[in-house]
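Let's take a friendly walk through a protein model, one stop at a time. Have the structure open beside you as you read.

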Amino acid sequence: MTLSRDPGNHLRPPLFGGRTLTRRRTPVRGRALLRSAAKRFAAGATVMLGSATLAFTALQLVPGDPVAVLLGPTTSASPQVRAQIRTEYGFDRPVPVRFAHYLGDLVRGDLGTSYQLQQPVTKLINDQLWPTVQLVAAAVALAVVIAVVSAMTTAGRRPSLRAAATVWELVALSTPPFWLGIMLLTVFSFRLRIFPVAGAQSVSSLVLPAVTLALSVAGVLAQVLREGLEAALAQPFVVTARARGLSRTAVRVRHAFRHAAAPVLTLTGWLTGTLLGGAVLIETVFARPGIGSLTLQAVTSRDLPVVMGVVLLSAFAVVLIFTVVDLLHLAIDPRLRTAAAAI
Amino acid sequence: MSAPDAPDTPMLVVDGLDVTFQVGSERIRAVRGVSFTLARGECLAIVGESGSGKSVTARTLIGLTGGRSTVSARQLSFDGEDLTALTGPQWQAIRGRRIGLVLQDALVSLDPLRTVGAEVAEPLRIHRIVNRAEVGERVMSKLADVGVPDPQWRARQYPHQLSGGLRQRALIASAIAAGPELLLADEPTTALDVTVAAQVLNLLRQLKHGGMSLLLISHDLAVMAGLADRIAVMYSGLIVEQGPAERVLGNPRHPYTRALLAAVPAMHAKGTWLSVSVPDQPPAGPGGCPYAARCRLADQRCRDELPTPAKIEATHDALCWHPVAEPAETPERLSIAQAPEPAAPGDILIEVEGVSKRFRSPDGTWHEAVRDVSFQLRVGEALGVVGESGSGKTTVARIVLGLLEPDEGTVRFAGQPWNAAKDRKAMADGTRAANRSGRRIRERDRRRHRRRIQAIYQDPLGSFDPRYTVERIVGEAVIDIRRGRDRRARVVELLDQVGLPANLLRRRPLELSGGQRQRVAIARALAPSPDVIVCDEPVSALDVSIQAQILDLLTVLQRDLGVALLFISHDLGVIHHVSDRLLVMKDGRVVETGDLSQVFSQPVHAYTQKLLAAIPRPDKTDEPVHRASVRWERAGNLCATPSGPQVPTSPPGSDIGNLITRSSNVMRN
C-alpha cells in the first residue's frame with residue numbers, strides 16, 4: 001500500500017504477478033471497497049430490522065390465543081395457570097412494549113424459548129444449523145468445481161463435445177434430487193457398502209447427499225458459465241491475448257473465465273439460499289438432522305418462536321450471501337468499483 | 001530461423017494466398033490469390049472497405065483466422081519460415097514475440113478486467129523476455145516508450161480509466177512489449193479523435209523508424225498517406241492495385257482506388273460529388289471482375305473474365321482491363337451546382353442562448369459538459385458542430401432536441417420557448433405571474449412540434465427496434481397518414497428519396513448493410529417533413545465510400561427540401577463538406593464560430609488550428625502529420641493541392657435539373 005506513494009521509485013518488487021495481486025490495490029481502490037462494504041452492511045441491517053418487524057407483525061396476526069398454542073390442544077389448565085403463563089411470557093403487555101422487548105432480545109442474540117421443546121431457540125437452531133450448512137457448502141463447492149470443469153473444457157470447442165456436455169447438464173438438472181438420492185443410496189450404500197446409509201457423524205456420510213444436491217446445481221451453473229465463456233471468447237481482447245502468444249487454454253483461464261464468472265456468481269448466491277431451505281428433502285432421504293426438519297416440526301406444531309427464529313435466520317443468510325456476492329463482484333470487475341464509489 | 005538473412009530478402013513473403021470460410025454449407029472466399037512482400041523496416045498499408053478481406057489477410061499472418069477457415073498459399077513465409085506448416089505451439093512462439101498485433105478500440109481490445117500494466121506484462125511473461133523481478137520495470141519502460149506519461153500510475157489503472165489515446169498507446173505497448181520485428185496494425189486509429197489519431201500515427205512512424213516492419217490495415221486512405229511506403233488496395237478479397245504509396249495515391253489506375261480517393265471529403269471537394277455514380281450495369285459473371293458492377297468503365301470483358309495484373313511500372317500493378325490514368329471522358333466528380341448561395345438568410349429557426357449543463361462524474365465530482373453555449377440556426381441552413389469526444393457536442397444536440405433540460409439558458413424553436421432551465425428565482429418569488437413565466441417547459445407543450453425536429457444518430461441499429469421491418473420503422477414516423485395503403489405508398493416514396501428500393505420494405509434492421517441502415521434512419525427522419533434534422537455523427541461508423549454516399553445524400557436533401565441541418569461530427573473534412581457555417585467546441589465551450597470558408601482559411605483559435613492541422617489526408621508525405629497538414633491548409637484553402645488529384649472545375653451553368661437527374665442516379669445506386 002505504501003508503494004504507490006512514491007511513484008518515482010523504479011526499483012521495486014514485481015507488481016504484475018498473479019501472486020502479488022493484492023499488492024496492486026491502491027489505497028483509493030481499497031477505500032472504495034471498504035466504503036461499499038460499509039454501505040452494504042447498513043443495507044443488510046435495514047433488511048434484518050424489516051424482517052424482524054414483519055415476523056413480529058405476523059405473530060400478532062396469527063389467530064387464536066398464544067397460551068392455548070403454548071399449552072397444546074390436549075392440556076387443560078385453570079384460568080389462574082393461564083393468567084400466570086400470560087404474565088410470565090408477557091402476553092398481557094401492550095404490543096409496542098412487547099415489540100421493544102423483542103427487538104432488545106434480538107440484539108442480545110436471544111430468540112426466545114420454544115413453546116414445545118422448552119429450550120432456547122438459539123440452541124435449537126445452533127444444533128440443527130451446522131449439518132445443513134455443511135451439506136450445502138459441500139454441495140455448492142462440488143457443483144462449482146463440476147461446472148467449471150465442464151464449461152471450461154467444452155466452451156467454444158467442437159460441436160460434438162459441446163453437445164455431449166449440454167446433454168449431461170440437461171440430464172443432471174432435470175433429474176429429481178430425491179430420486180437420485182435413493183438411487184445413490186441403493187448402489188453405493190446398500191449394494192457396494194462404500195458410504196453409510198444415514199446420519200451426519202462422519203465426512204463419508206456427507207458424500208452422497210452432497211453429490212445428490214450438487215449435480216442439478218452443477219448442470220445449471222455449467223450452462224450459464226459456458227454461455228458467459230463463449231460470449232467472452234468472442235470479444236476482441238481475446239484476439240489480442242492470443243496474438244501475444246497465449247494458448248487457447250491460457251486465454252480461457254487468465255482472461256475469459258473472469259468475464260464469465262459474474263453471472264455464475266449471482267446464480268450461485270441465489271442457489272445457495274434456495275438450497276439452505278430446500279435441503280430438507282435430501283436430509284429426509286438420508287435421515288440427516290438439519291434446519292429443514294426443525295422448521296417442519298415447528299410449523300406443524302405451531303411453535304411460533306422457532307418459526308420466527310428460522311425466518312430471521314433465512315433473512316440473515318440471504319443478506320450475508322448477497323453481501324458476499326456483491327463484494328466479490330466488485331473484486332472481479334474494476335468497472336463496478338468506480339460506479340460503486342459514486343453511489 | 002536458420003534461413004540465410006540476406007539484407008534484400010523480404011522479411012515477409014505472401015504469394016497466392018487464399019482464405020476460405022465454411023459458413024454452413026457455403027464456402028466463402030474471403031481472400032483470393034493475394035501476393036505481397038514486406039521488407040525490414042518497411043510499411044505496407046492494405047486499404048479496403050469492410051468485407052474486402054484486409055483483416056483476414058492480417059489474421060492469416062498471425063495464424064488466427066479461426067477454425068472454420070482454410071488457408072492455402074504458394075508461399076507464406078516469415079523470415080524464411082513457412083507459416084503454413086506451423087503447429088500450435090510454434091505459432092505461440094511467434095505470436096507476440098516476432099509478430100505483434102494491434103486492433104482498434106483498446107477499450108475492448110485490452111482485457112477490461114485487468115490493469116494496463118498486467119496486459120503489457122503478459123507477453124513478457126509468456127515469452128520469458130525478462131525474469132520475474134524485472135517485469136515491472138520493463139513494463140514501465142515500454143509504457144514510457146509509447147508516450148504514456150507517468151507510467152507508474154497508469155500501469156495500475158484499468159482501460160476504462162484511461163483516455164482513448166492513452167488506451168491505444170497502452171495497447172500498442174502490449175503488442176510490442178516482447179520486441180516483435182513485424183507489427184500488424186488493424187485499424188489502429190479508427191475509433192480515435194483526429195488529434196489523438198495523429199499522435200498514434202506518429203508513434204507508429206517512430207516504431208517504423210526504429211526498424212520495425214509495419215502492416216497497416218485501414219478503410220481510410222488518408223490515414224496511411226504519411227506512413228505507408230507501399231499501398232495495396234483490396235476489393236472483394238483481391239488486391240486490385242498495389243504500388244509505392246506516392247504512385248497509388250498520385251496516379252491511381254484502378255477505378256476503385258480512384259473512387260476511394262474521391263470519397264474522402266476534403267477542402268476541394270466541397271460542392272462536388274464524393275460518391276461515384278454508375279449507370280445500371282448487368283451483373284458480372286462468376287468469373288468476372290468483382291468491381292464490374294460498380295465500375296463506370298466496365299464492359300463485357302470485365303464481366304466475363306477476371307483481369308490479369310497490368311504492370312503500370314516495375315512496382316505498380318493494377319488488376320484491371322482498363323488501367324487508364326485519367327478517365328477523361330467521364331470525370332469522377334461532378335459539381336452538384338455552383339453551391340447555390342442560400343438565398344436570403346432565412347428566419348431564425350433555433351436559437352440557443354447561454355446554455356450550460358453539468359453532470360456528475362462516477363467519482364462524485366461535477367463535470368461541466370456544456371458551458372454558456374449560444375448559437376442560431378436559420379431556416380434551411382447547415383450548421384456544423386465540430387469537436388473531439390467529450391467536447392459537449394452530443395449534450396448540445398440533446399438539449400436542442402429537448403431531451404435534456406439545461407442547467408442554465410434557453411432554447412427557442414421557431415420563436416417559441418422550447419427548452420429552458422427551471423427559473424429557480426422566479427419560482428421562489430411565488431407570485432402567480434412569475435410562476436407561469438418560470439414554469440419549466442413540459443414535454444406535453446413540445447409534443448405538438450416534435451415532428452418538426454428530427455434526429456439521426458451514429459448507430460442507426462441502436463435506434464431501431466430490431467424486430468420491426470423497414471416499413472414499420474419508417475411508417476411509424478409517418479404521422480399524418482392513417483390508411484395502410486397510403487402509408488405504404490408514402491414509405492416507398494421516402495425510401496426512394498433516400499435511394500433505397502421498395503423491396504427492402506419487409507427487411508429487418510439486422511438484414512441491412514450499414515449504409516442501408518443509415519438511409520433508413522434518414523428516411524424515418526424525413527417522414528414527418530421536419531424543419532430541421534439533428535445529425536449526431538451520422539457517418540463516423542461507415543466506410544469511406546458509404547460515408548461519401550450518405551454525405552452526398554444529406555447535401556442533396558438539404559438543398560432540395562430546404563431542411564436545416566445541425567450536423568455534429570469530430571471529422572472536419574465531413575463537416576466541411578456538409579455545412580455552411582461552423583461551430584468549434586472544446587471542453588464544453590464554443591471556441592470559434594463563423595462561415596465555413598472563413599474558419600477554414602483563417603482559423604483564429606489555436607485549437608481550431610490544431611484540429612485543422614491534424615486532418616490526415618491522402619497526400620503522400622513523410623513529414624510528421626501536423627506539419628504536412630499545415631502546409632496543406634496554407635497551400636489550398638479551397639483548391640486542390642499540387643500533388644492531389646486534379647479537380648474538375650464546376651461547370652458554371654449547371655442547373656437544378658441537372659442536379660436532380662444526377663441525384664436520383666446516385667441514390668439508385
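## A serine in a helix

A:Ser205 belongs to helix α8 (residues 204-233) of chain A; helices here are DSSP runs of H or I with at least four residues, strands are runs of E with at least two, and both are numbered from the N terminus. With a relative accessibility of 7%, A:Ser205 counts as buried. Buried means under 20% relative accessible area, exposed means over 50%, and partly exposed lies in between, using a 1.4 Å probe and protein chains only. Setting aside neighbours within four places in sequence, A:Ser205 touches A:Pro196, A:Gly199, A:Ala200 and A:Arg288, where contact means heavy atoms within 4.5 Å.

## How to read the model

This is a predicted model, in which local features need pLDDT of at least 70 and side-chain atom pairs count only at pLDDT 80 or more, while totals for chains, interfaces and linings use all residues. Residues are numbered from 1 along each chain as its sequence is written, chains are lettered from A and ligands numbered from 1 in the order in which they are written, and side-chain values use heavy atoms, without hydrogens and water.

## Rings that meet

Rings of Phe, Tyr and Trp (its six-membered ring) pair if their centres lie within 6.5 Å; planes under 30 degrees apart are stacked, over 60 edge-to-face, and the rest tilted. Over all chains there are eight aromatic pairs. One of them joins B:Tyr256 and B:Tyr291 edge-to-face, with 5.2 Å from centre to centre and 65° between the planes. This pair links distant parts of the chain, 35 residues apart: B:Tyr256 is in helix α11 (residues 255-263) of chain B, and B:Tyr291 is in the loop between α11 and α12 (300-304) of chain B. B:Tyr256 is buried at 1% relative accessible area, and B:Tyr291 is buried at 3%.

In chain A, one aromatic cluster is formed by A:Phe56, A:Phe99 and A:Tyr102.

## A sheet in chain B

Which strands make up the open sheet of chain B? Eight strands do, in the order β7-β8-β9-β3-β10-β11-β13-β12, with mixed pairing; two strands pair if DSSP finds at least two bridges between them. Strands β7 (99-102) and β12 (309-313) of chain B stand at the edges with a single partner strand each, so one side of each has no neighbour in the sheet.

Strands β10 (residues 230-235) and β11 (residues 238-244) of chain B pair in the antiparallel sense over six bridges. Within this pairing, B:Val233 has B:Glu241 in β11(B) as its bridge partner.
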